[in-house]
Amino acid sequence: MKIFKLPDLGEGLVEVEIVEWHANQGDKIREDELLVAVETAKAIVDIPSPQTGRIKHCYGNPGDVVHVGDPLVEFDTEAEKKPDAGTVVGKVEVGKAVLQESPAMPSDKAGTVRATPAVRALAHRLNVDLAVVTPSGEDGMVRAEDVQRVAKIFSEVGPLERLHGARRAMARNMAKAHAEVVGVTISDDADIETWSNAGDITIRLIRAITAACQAEPSLNAWYDSHSLGRRLIPQLHLGVAVNTEDGLFVPVLRDVGNKDEQTLRRELDALKKQVRSRKIQPEDLRGQTFTLSNFGTIAGRYANPVVLPPTVAILGAGKCRPQVIVDEGSPAVHHILPLSLTFDHRAVTGGEASRFLGVVIEDLQVPE
């Protein structure tokens with residue numbers, strides 16, 4: 001018997017979600033035939049079989065989360081195999097590290113909770129995770145009443161909807177940002193009355209961000225919290241937030257300062273199409289040095305955008321609106337674009353951020 005463990009898929013990924021098994025228990029499968037489809041935070045990946053053999057057991061069902069090193073399949077081998085020849089989508093080597101004689105099963109979350117076997121059985125029957133139960137017994141012992149109380153609460157609020165794929169990754173990224181970044185947001189408005197009706201707001205925002213990064217390079221940077229230092233980056237690699245039903249994705253436009261508007265629009269449209277079809281390549285979702293969130297295309301005037309480390313700033317553009325302003329001493333109605341800039345105060349001063357936002361506004365107010 002051989003155990004095939006989930007290999008390292010690269011990109012720093014530590015877990016995947018099972019989407020679909022291409023082979024099932026009892027099936028005979030050949031080396032490099034598709035074994036299982038898994039979803040990472042970035043894409044859906046087909047993992048081929050590392051060897052020829054009959055499948056004795058599949059660990060996990062569609063929707064289950066599997067960590068790197070967890071068992072995926074137990075093989076009932078029929079001939080001499082080459083355990084280090086398998087690859088994932090032609091790139092990730094399986095290697096001997098993921099083929100072992102015996103499995104290491106995932107740990108039981110409730111294993112560290114103090115509870116009697118009868119209480120554990122009750123929790124299992126009521127589908128209650130003991131890890132979320134507040135104990136009321138002596139020395140932190142969970143009692144039956146504690147489990148029943150939590151079960152009653154769960155029955156009233158409805159079933160748990162677990163986060164998957166991109167949403168799961170987003171939740172972890174937000175938690176990391178909240179724990180690490182010292183975020184400060186400043187807001188202001190750009191008067192875009194001089195624009196034509198055919199103005200491309202996103203492209204104009206990209207142009208304005210490029211100008212602002214040239215004026216205040218400290219916002220186009222990565223911050224290293226371990227070394228208490230920052231890296232100013234000469235090229236602007238702009239992450240553009242894209243909302244989908246599966247969650248938020250941030251594809252990256254490379255070196256935007258050296259591309260014309262037509263090229264930027266063409267590349268951005270292509271990236272959005274790839275995101276929505278879930279065919280975006282992992283390398284197109286990493287390495288941004290600054291982020292743009294054009295949330296105003298949906299709704300909202302101002303926001304508090306979240307900075308994701310190691311970047312130090314994100315610009316949010318709200319919903320453009322007509323507003324009465326004072327124009328040369330008289331009231332007038334102009335189109336106003338609200339802006340919100342969040343920056344990591346560990347790496348960026350308030351003066352740098354304010355000057356950056358001022359350059360963005362100045363560039364946006366240039367007539368088309």
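Trainee: What percentage of the contacts in the protein chain with a separation of 6 or more is accounted for by residues 24 or more positions apart?

Mentor: Contact means that heavy atoms lie within 4.5 Å. In this protein chain, residues 24 or more positions apart account for 64% of the contacts with a separation of 6 or more. Please keep in mind that this is a predicted model, in which local features need pLDDT of at least 70 and side-chain atom pairs count only at pLDDT 80 or more, while totals for chains, interfaces and linings use all residues. Residues are numbered from 1 along each chain as its sequence is written, and side-chain values use heavy atoms, with hydrogens and water left out.

Trainee: How many helices and strands are there in the protein chain?

Mentor: Helices (H or I, at least four residues) and strands (E, at least two) are DSSP runs, numbered from the N terminus. By this rule the protein chain has six helices and 22 strands.

Trainee: What share of the residues counts as buried?

Mentor: A residue is buried under 20% relative accessible area, exposed over 50%, and partly exposed in between, with a 1.4 Å probe and protein chains only. Of the 368 residues here, 41% count as buried. As for the surface, accessible areas come from the Shrake-Rupley method with a 1.4 Å probe, and for residues only the protein chains shown count as cover. The chain exposes about 19700 Å², and carbon and sulfur atoms supply 51% of that area.

Trainee: Which residues touch the most other members of the largest nonpolar core?

Mentor: A nonpolar core is a set of buried Ala, Val, Leu, Ile, Met, Phe, Trp, Tyr and Cys residues joined through side-chain atoms within 4.5 Å. The largest one has 45 residues, and Ile209, Phe290, Leu315, Leu339, Leu341, Phe356 and Leu364 touch the most other members. Elements giving two or more residues to this core include α4, β15, α5 and β19 (290-293). Its largest share, seven residues, comes from α4. Apart from this core lies another, of 19 residues, among them Leu35, Ile47, Ile55 and Cys58.

Trainee: At what angle do the axes of helix α4 and helix α5 cross?

Mentor: Axes are lines fitted to C-alpha atoms, for helices over the stretch in contact, and angles run from 0 to 180 degrees between N-to-C directions. The axes of α4 (residues 201-215) and α5 (residues 261-276) come within 10 Å and cross at roughly 115°. On the α4 side the contact is made by Thr202, Ile203, Ile206 and Arg207, and on the α5 side by Glu261, Leu264, Arg265 and Leu268.

Trainee: Is leucine 238 buried or exposed?

Mentor: Leucine 238 is buried, because its relative accessible area is 0%. The residue is in strand β15 (residues 238-240). Leaving aside neighbours within four places in sequence, leucine 238 is in contact with residues including Ile206, Ile209, Phe290 and Thr291. Threonine 291 is in strand β19 and, at 10% relative accessibility, also counts as buried. With neighbours within four places again left aside, the contacts of threonine 291 include Leu238, Gly239 and Val250.

Trainee: Where is serine 136?

Mentor: Serine 136 lies in the loop between α1 (117-126) and α2 (144-157). At 42% relative accessibility, serine 136 counts as partly exposed. Serine 136 and aspartate 146 are ten residues apart in sequence and 6.9 Å apart in space, C-alpha to C-alpha.

Trainee: Which peptide bond is cis, with omega near 10°?

Mentor: Most residues other than glycine have a negative phi, and most peptide bonds are trans. Here the bond from proline 309 to proline 310 is cis, and proline 310 is found in the loop between β19 and β20.

Trainee: What is the phi of leucine 228?

Mentor: Leucine 228 has a positive phi of about 50° although it is not a glycine. Leucine 228 is exposed, with a relative accessible area of 67%. Arginine 278 has a positive phi of about 60°, but this arginine is buried, at 12%.
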